[in-house]
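Visitor: I am new to this structure and would like to learn how to read its features one at a time. Could you take me through them slowly?

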Amino acid sequence: MQSMIFDAHLDLSMNAMEWNRDLTKSVQAIRDREKGLTDKPDRERGTVSLPEMRKGRVGLCVATQIARYVGLDNPLPGWHSQEQAWAQTQGQLAWYQTMVKRGEMKQITNADELSDHLKLWETAEDTSSLPVGFILSLEGADSFYELACVEKAWAYGLRAIGPAHYGPGVYAYGTDSTGGLGTKGRALLKEMDRLGFILDATHLCDESFSEAMDLYTGPVWASHHNSRALVPHNRQFSDEQFSLLIQRGAVIGTAFDAWMLIPGWERGKSTPENTGVSLEHVANHIDHICQLAGNSQHAAIGSDLDGAFGTEQSPGDLGTIAGLQKVPDILRQRGYKSNDIDNIMYKNWIRFLLDAWK
């Protein structure tokens with residue numbers, strides 16, 4: 001039987017609502033419907049759908065809401081008010097809730113639900129009709145137009161928050177920007193702490209990361225983050241940052257976006273074919289975390305597949321999300337034992353959540 005997989009970062013609702021992909025269809029059907037479309041660089045190249053997740057035994061994931069607010073001086077794409085950003089996340093929530101009603105997905109919000117769902121998937125011979133479990137996460141907190149939104153989000157099942165995404169945010173500074181949390185960011189962390197949220201350190205710039213680690217007392221993870229030692233860029237974390245996360249008991253999911261896997265990737269020029277980027281490079285980042293930690297208890301999968309990229313910017317030997325099943329063999333060939341592979345593929349996330357939700 002194939003290994004079960006827990007993928008800690010999938011932008012499913014973004015693909016459904018902004019890319020207009022019917023994720024209940026096969027990956028091939030989605031690609032076929034996109035033939036001739038050129039509005040986004042990954043058209044006809046998607047890798048994720050719910051049937052494909054079942055095929056690959058990806059029975060659990062962290063699924064996101066995401067909507068950035070951009071001010072007049074911010075050139076990034078996004079919404080022109082926080083209220084608009086909030087409305088966008090609520091549309092995404094409605095899609096998840098509809099998938100739950102249809103039996104396509106199952107929202108996981110506590111330890112009992114997690115344990116029940118885990119038993120369902122671990123014992124199933126045929127996963128083709130099982131609901132895909134998801135823990136809801138918010139990537140970038142800009143959509144919280146008032147602090148009361150944090151408690152509203154907890155009530156509808158949000159369980160993890162990354163305060164920033166790309167650029168300057170309302171509550172923190174993210175990738176390709178510089179700055180601390182400020183008054184609003186500190187208030188957000190205090191409210192998250194009170195309610196019991198998981199802090200997702202992914203995308204925090206160095207200054208905001210340092211402040212957040214000092215201030216936040218609750219559980220912390222890095223859902224999709226690679227190594228700056230292997231690929232120099234502010235989007236990655238340094239060994240010192242990873243060591244601090246490991247000391248906090250964090251689990252770190254390796255991202256599969258090619259430019260974060262190998263140095264020197266040039267968007268629009270580099271391809272999986274001319275660079276040779278592969279799942280071996282994913283294993284390099286996983287192994288780096290294991291070597292830093294001295295064990296296999298902090299490395300995991302956080303692919304970010306279809307996070308505004310497709311096969312044009314993925315490991316060349318992946319194909320679709322079902323290709324995650326190739327990772328255990330790669331790790332085995334590197335000398336990883338079965339229990340360590342199980343930790344990396346899903347058990348580390350499970351252990352983390354059961355501990356966080358005691």
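This is a predicted model: local features need pLDDT of at least 70, side-chain atom pairs count only at pLDDT 80 or more; totals for chains, interfaces and linings use all residues.

Visitor: How many residues does helix H14 have, and what span should they cover?

Guide: Helix H14 runs over residues 338-356, which is 19 residues, and at 1.5 Å a residue these should span 27 Å; the C-alpha atoms at its ends lie 25 Å apart, so the two values agree.

Visitor: Which residues of H14 are buried?

Guide: As a general idea, an α-helix has 3.6 residues a turn, so residues three or four places apart point the same way. In H14 the buried residues include Ile341, Ile344, Asn348 and Phe352, and also Tyr346, Trp349 and Leu353.

Visitor: Is Thr271 buried, partly exposed or exposed, and where is its place?

Guide: Buried means under 20% relative accessible area and exposed means over 50%, so Thr271, at 26% relative accessibility, counts as partly exposed. Thr271 has its place in the loop between helix H10 (258-261) and helix H11 (272-275), and, leaving aside residues up to four places away in sequence, Thr271 touches Trp265, Gly276 and Glu312.

Visitor: What radius of gyration does the whole protein have?

Guide: A compact globule of 358 residues would have a radius of gyration near 21 Å, and the protein has 19 Å, which agrees. Buried residues make up 59% of the 358 residues, and the secondary structure comes to 14 helices and nine strands.

Terms used:
Residues are numbered from 1 along each chain as its sequence is written. Side-chain values use heavy atoms; hydrogens and water are left out. Helices (H or I, at least four residues) and strands (E, at least two) are DSSP runs, numbered from the N terminus. The expected span of a helix is 1.5 Å times one less than its number of residues. Buried means under 20% relative accessible area, exposed over 50%, partly exposed in between (1.4 Å probe, protein chains only). The radius of gyration is taken over C-alpha atoms; the globule rule is 2.2 Å times the number of residues to the power 0.38. Contact means heavy atoms within 4.5 Å.
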